[in-house]
Amino acid sequence: MNVAIADDVTFLSRDREAEFERVFKKHFKGLHAYACTILRDDIMAEEMVQNVFCRLWEKTDHIEIKESVSGYLYRSVYHESLNYIKHLKVRDAYQTYAINQMEHSNNTAHHLELKELEQRLDSALKELPEKCRTIFQMSRFEELKYQEIADLLQLPLKTVENQMGKALRLLRLKLVDFLPASILLFLLS
């Protein structure tokens, strides 16, 4: 294909590197400024213009520019820039989706861990002797003080204290593999 580059009607040919270079030099600054107005990013605007020129060079044998080169290039930069913006929107949407999925799975995992802890605590409580379990439940779940428990159950205060110590020791042993010791101590003390 042997065609000259004119302002209005143009065909590019790969053997005409000088003409291609002239078109590049003539239009690059204007196309870059145009892409900057669309993207508001100098570096990505330059990338979009370079992409258009690379594609033009690679497909010279297949592209027929029947109108002005300038119009073709501006339209190409416009579409290249819009495609880049669409890509950014898709990427941002995916990142938001991924973050939400991670938060949801973290919440689900946390919920499952909490449910398992509740089940294991319930099981461990059932294994405690009855008096020990009753005192522990009154202290931890009903939030009664040791003296109030002693008065309600008509037991000496020292017995309530001993039974609570026994309950805490047994529960720590039963739940030690489930929780780190610091959390377990916080929950049971």
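Helices (H or I, at least four residues) and strands (E, at least two) are DSSP runs, numbered from the N terminus. This is a predicted model, in which local features need pLDDT of at least 70 and side-chain atom pairs count only at pLDDT 80 or more, while totals for chains, interfaces and linings use all residues. Residues are numbered from 1 along each chain as its sequence is written, and side-chain values use heavy atoms, with hydrogens and water left out.

**Select the whole chain.** Of the 189 residues, 28% are buried (under 20% relative accessible area; exposed is over 50% and partly exposed lies in between, with a 1.4 Å probe and protein chains only). The chain exposes about 12900 Å², of which carbon and sulfur atoms supply 54%; accessible areas come from the Shrake-Rupley method with a 1.4 Å probe, and for residues only the protein chains shown count as cover. Contact means heavy atoms within 4.5 Å. Among contacts between residues at least 6 apart in sequence, 56% join residues at least 24 apart.

**Select R40.** This residue sits in the loop between α1 (17–39) and α2 (42–58). R40 is not a glycine, yet its phi is positive, at about 55 degrees. Is the residue buried or exposed? R40 is exposed, with a relative accessible area of 71%.

**Select E143.** Move to the loop between α4 (130–140) and α5 (146–153), where E143 is found. E143 also has a positive phi of about 55 degrees without being a glycine. With 66% relative accessibility, E143 counts as exposed.

**Select α4 and α5 together.** The axes of α4 and α5 come within 10 Å and cross at roughly 135 degrees; axes are lines fitted to C-alpha atoms, for helices over the stretch in contact, and angles run from 0 to 180 degrees between N-to-C directions. α4 is therefore oblique to α5 (under 35 degrees is roughly parallel, over 145 roughly antiparallel, 65 to 115 roughly perpendicular, and the rest oblique).

Which residues make the contact? Show the side chains of T134, I135, M138 and S139 on α4, and of Y146, I149, L152 and L153 on α5. These residues divide into six nonpolar, two polar and no charged (Ala, Val, Leu, Ile, Met, Phe, Trp, Tyr, Cys and Pro count as nonpolar, Asp, Glu, Lys and Arg as charged, and the others, Gly among them, as polar).
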